[in-house]
Amino acid sequence: MKVIRLWGFWILLAGLVVILSSCTGESASEQGSTENSGEPADMKGGGESSEADSVQELNLIEASELPTMDSALAEDVTSFIVLDNVNEGLFRLNKESIAEPALAESEPEISEDGLTYTFKLRESKWSDGSPLTAEDFVYSWQRAVEPATGSPYGPYMMSGTILNADQIAAGEMDNSELGIKAIDEMTLEVTLERPIPYFMSLMAFPTFFPQKEEYVNGKGEDFASNSENVLYNGPFVLNNWDGTGMTWTLEKNLEYWDEENVTLETINVDVVKETTTAVNLYNSGEKDMALLAGEMAIQNADNPEVVKYLSPYIFYLKFNQERNGEATVFANENIRKAIAMAYNKQDLVDIVLADGSLPANYLVPKEFSYNDNKEDFREINGDMLEHDVEEAKKLWEIGKEEEGFTDITLELLGDDQEIAKNMDAYMKAQLEQNLEGLTVNLKAVPFSVRLELDEAQDYDFEVFGWAPDYQDPMTFIDLYVSGSPQNLMSYSNEEFDSLIEKANGELASDLPARWEAMAEAERILIEEDAAIAPIFQQGTMMLQKPYVKDVIKHPFGGDYSYKWAYISGKE
């Protein structure tokens, strides 16, 4: 079962020119900084104008195909972006990325024990004109957690959160026992397993969006197979998507309850995987925004139309400790630590990416989660498992001796895009150069195949990316609890598990103690056990036309919101 939100990173950065395959390990340049980092990006473009143009059409580029429009089956960035703009849940992230009532007419009534939330729904409609009711939420949530659905996110997002979700996901209880019920057509009651400090931000996530049972069942296998077989209740409706194609259109939804605050009439999206092609389309005026990286980022560094921000997306090496039922060399802690310290992260972000990405010596990103005193969670542990070639060599020799090997051959699983192959070649060169007796064989496969291999634990190690699902450190830290379905590398540590259990249980209402528990769990995972090896935190550098206003970048959930966007000042 797949319960991870994988970013199609190599597809996203296709077109980069990799020039580090022969680096010596020294940093090539000083690290640049990002603009407006730490806050949700309000990508207004240059100039200020409150007057919208008569033609409200936005032309965009997406980095990969749209895999699904079924909110129960979505697990990738592209699907979440589209779902967040054509549908809506009880809450929506606003311009400041704060969850505010959407289909809920107001804040919920919360019981004294913090376990029961009662939502009153506002009057709203599906795109076919039918009313949206509380039963649409009940059906959708029950469907997402039901094992037969095969949802990659339902069990993950609801387990330990919504009452009885664990037992239902395990097939031990009927989905009708899930902690959600319709009191009447416009009243929804949700019961939690435990108090959840970040529960309201979950209510803005696509997995918790409603679905209409009569419509889904009526469509059968055709449901969500193309844009004609989906119902919509958000700012836009999807058109011209055949289920596999490289293009689609978003058009204003006239049935949306807040339609008067949506200005854009049409958003045209084309999939473009080459950065150079994307920039050419932008420069020719065919596209209004274009992602930059590598050589294109360097060339456009001083372009006044560049927007920069630091994203809370973390990329790391994932070490599989068991493959085909047998322990791998990654079951050896010294082997893991040696590899984690042996590659130069600074050169990677400075020269290869050149987009404001930061070398990551951590799992929970910088400028993502803050306590009541506005202190960044990242400040507790700081940097861990930093680049240190000499220490890596020492640990490598100890690990080889412990395993009884003189030489070790490992397989690095990666994507088959050109940039992925080049980046994997850089990692291979760094590791083989700094760790004597190591041979790294590269296995490049299509992204979908890589997901399958990851799920089957049929790999040695791989480059892995995670984007947050809600604004709390736990969205990163609890991925590797022993036996959890997202722990697809056989890592296990009882102390780590206990800390996560406490943070999710007895410490849920003691926020300072909860943060300390999560920080210690992160330290164990990274510094003590080196279960994973962080690489970088992604920065984003984008060209955006000055006439594009109020495209909002969110740090979690759907990455971009177009509800408030408009065109002003286009010649």
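**Figure 1. Packing of helices H17 and H18 in the predicted model.** Helix H17 (residues 494-504) packs against helix H18 (residues 511-528) at an angle of about 155 degrees, and their axes are 9 Å apart. Angles over 145 degrees count as roughly antiparallel, and H17 and H18 are therefore roughly antiparallel to each other. H17 passes H18 in a left-handed crossing. On the H17 side, the contact is made by Glu 495, Phe 496, Leu 499, Ile 500 and Ala 503. H18 contributes Arg 514, Ala 517, Met 518, Glu 520, Ala 521, Ile 524 and Leu 525.

**Figure 2. Packing of helices H10 and H13.** The axes of H10 (residues 333-341) and H13 (residues 389-403) come within 8 Å and cross at roughly 155 degrees. This angle makes H10 roughly antiparallel to H13. The crossing of H10 and H13 is left-handed. Residues of H10 that make the contact are Asn 334, Ile 335, Lys 337, Ala 338, Ile 339 and Met 341. From H13, the contact involves Val 389, Glu 391, Ala 392, Leu 395, Trp 396, Ile 398, Gly 399, Lys 400 and Glu 402.

**Figure 3. The aromatic pair of Phe 315 and Phe 536.** The ring centres of Phe 315 and Phe 536 are 4.7 Å apart and the ring planes lie at 20 degrees; because planes under 30 degrees apart count as stacked, the pair is stacked. Phe 315 belongs to strand S13 (residues 306-319) and Phe 536 to strand S20 (residues 532-544), so the pair ties together parts that are 221 residues apart in sequence. Phe 315 and Phe 536 are both buried.

**Figure 4. The aromatic pair of Tyr 316 and Phe 464.** The rings of Tyr 316 and Phe 464 form a tilted pair, with 5.4 Å from centre to centre and 45 degrees between the planes. Tyr 316 lies in strand S13 and Phe 464 in strand S19 (residues 461-466), and the pair links these distant parts of the chain, 148 residues apart. Tyr 316 is buried, at a relative accessible area of 0%. Phe 464 also counts as buried, at 1% relative accessibility.

**Figure 5. An aromatic cluster and two lysines placed over tyrosine rings.** Ring pairs join Phe 80, Tyr 153, Tyr 156, Phe 205 and Trp 466 into a cluster. Lys 545 lies over the face of Tyr 282, at 3.9 Å from the ring centre. Lys 553 is placed over the face of Tyr 560, at 5.7 Å from the ring centre.

**Figure 6. Surroundings of Val 306.** Val 306 is located in strand S13. With a relative accessible area of 11%, Val 306 is buried. Apart from residues up to four places away in sequence, Val 306 touches Leu 292, Asn 300, Met 541, Met 542 and Leu 543. Val 306 and Pro 546 are 240 residues apart in sequence, while their C-alpha atoms are 9.7 Å apart in space.

**Figure 7. Surroundings of Lys 570.** Lys 570 is found in the segment after strand S24 (566-567). The residue Lys 570 counts as partly exposed, at 38% relative accessibility. When neighbours within four places in sequence are left aside, Lys 570 is in contact with Asp 53 and Tyr 547. The C-alpha atoms of Lys 570 and Tyr 547 are separated by 5.4 Å, and the two residues are 23 residues apart along the chain.

Key:
Residues numbered from 1 in each chain as written. Predicted model: local features only at pLDDT ≥ 70, side-chain atom pairs only at ≥ 80, totals over all residues. Heavy atoms only, no water. Phe/Tyr/Trp six-rings, centres within 6.5 Å; stacked < 30°, edge-to-face > 60°. Helix = DSSP H or I, 4+ residues; strand = E, 2+ residues; numbered from the N terminus. Buried < 20%, exposed > 50% of the residue type's maximum accessible area, 1.4 Å probe, protein only. Lys NZ or Arg CZ within 6 Å of the ring centre and 35° of its normal. Axes fitted to C-alpha atoms, helices over the stretch in contact; angles between N-to-C directions. Parallel < 35°, antiparallel > 145°, perpendicular 65-115°, else oblique. Left-handed = near helix turned anticlockwise from the far one by under 90°. Contact = heavy atoms within 4.5 Å.
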